[in-house]
Amino acid sequence: MGVVGEQLDIDFVISTGDNFYPNGLSGIDDAAFDDSFTKIYTAPSLQKQWFNVLGNHDYRSDAEAQLSPVLKNLDERWFCVRSYVVNAEVAEFLFVDTTPFVDKYFTEPEDHVYDWRGILPREQYISNLLKANNVDLFMMGTITAYNT
């Protein structure tokens, strides 16, 4: 990854979820942050801003830990909030935490326990997300549609 970052002379890194596999972080003091992020992505080309969003595996422990500004204090590259827009001059990137849109994580969690703090009630979360990002209509897949 560092070689590609150098070849492309990247300005930032995008991580689209499942940041800490298989079960997210257990808290803001979880050694996995250091072991699976800070000590792994050490190439000079990767010492840029990282834009992260949560994935389903990140909800299997303390999802709020990855959203905490404490992690930014531990590693200044880290930035993670549920959903946001980044204007990178050549393009605008809309980061959307899509895990709350997937019904099976709520109805068929198998042996997993998900941390849904900040999400419930889902309908309100989705509505607020779309309004905050000035989205009038959001369609996902072939049957999910949300209108603000």
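**Entry 1: a strand pair**

How many bridges join strand β4 to strand β5? I looked up residues 83-87 and residues 92-96 and found five bridges between these two strands, which run antiparallel. Strands pair here if DSSP finds at least two bridges between them. I noted Phe93 in β5 as the bridge partner of Val86. Four residues stand between the strands of the hairpin, and there Glu89 takes a positive phi near 70°.

**Entry 2: ground rules**

I am working with a predicted model, where local features need pLDDT of at least 70, side-chain atom pairs count only at pLDDT 80 or more, and totals for chains, interfaces and linings use all residues. Residues are numbered from 1 along each chain as its sequence is written, and side-chain values use heavy atoms, with hydrogens and water left out.

**Entry 3: the whole chain**

I counted six helices and seven strands in the chain. Helices (H or I, at least four residues) and strands (E, at least two) are DSSP runs, numbered from the N terminus. I wrote down the order of elements from the N terminus as α-β-α-β-α-α-β-β-β-α-α-β-β. The chain has 148 residues, and 43% of them count as buried. Buried means under 20% relative accessible area, exposed means over 50%, and partly exposed is in between (1.4 Å probe, protein chains only).

**Entry 4: salt bridges**

I counted eight salt bridges, taking each as a side-chain nitrogen of Lys or Arg within 4 Å of a carboxyl oxygen of Asp or Glu.

I looked at Asp97 and Arg82, whose closest N and O atoms are 3.9 Å apart in a salt bridge. The pair links distant parts of the chain, 15 residues apart: Asp97 is in the loop between β5 and α5 (104-107), and Arg82 is in the loop between β3 and β4. I found both Asp97 and Arg82 buried.

Next I took Asp34 and Lys39, a salt bridge with the closest N and O atoms 3.5 Å apart. Asp34 is partly exposed because its relative accessibility is 32%, while Lys39 counts as exposed at 55%. I also noted that Asp34, Asp35 and Lys39 are linked in a network of salt bridges.

Then I checked Arg117 and Asp115, where the closest N and O atoms of the salt bridge are 2.7 Å apart. Is Asp115 buried or exposed? Asp115 is buried, because its relative accessible area is 9%. Arg117 counts as partly exposed at 45% relative accessibility.

**Entry 5: surface patches**

I listed Glu6, Asp9, Asp11 and Glu89 as a patch of negative charge on the surface. Patches are made of residues with over 30% relative accessible area and no salt bridge; like charges are joined within 9 Å, and nonpolar side chains (Val, Leu, Ile, Met, Phe, Trp, Tyr) within 5 Å. Asp and Glu count as negative and Lys and Arg as positive, with His and the chain ends not counted. The place of a charge is taken as NZ of Lys, CZ of Arg, CG of Asp or CD of Glu.

I placed Glu6 in helix α1 (residues 2-8), and Glu6 is exposed because its relative accessible area is 63%. Asp9 lies in the loop between α1 and β1 and is exposed at 60% relative accessibility. Asp9 has a positive phi of about 50°, although it is not a glycine.

I also found a nonpolar surface patch of about 240 Å², made by Ile28, Val70 and Leu74. Accessible areas come from the Shrake-Rupley method with a 1.4 Å probe, and for residues only the protein chains shown count as cover. Ile28 lies in the loop between β1 (12-15) and α2 (31-38) and counts as partly exposed because its relative accessibility is 39%.

**Entry 6: backbone and loops**

Where is Pro22? I found Pro22 in the loop between β1 and α2, and the peptide bond from Tyr21 to Pro22 is cis, with omega near 10°. A cis peptide bond also joins Leu120 and Pro121, with omega about -5°. Pro121 is in the loop between α5 and α6 (122-132).

I found Glu110 in the loop between α5 and α6. Glu110 has a positive phi of about 55°, although it is not a glycine, and counts as exposed at 68% relative accessibility.

Last, I looked up Glu76, in the loop between α4 (69-74) and β3 (78-80). Glu76 is exposed because its relative accessible area is 64%. The C-alpha atoms of Glu76 and Gln47 are separated by 9.2 Å, with the two residues 29 apart along the chain.
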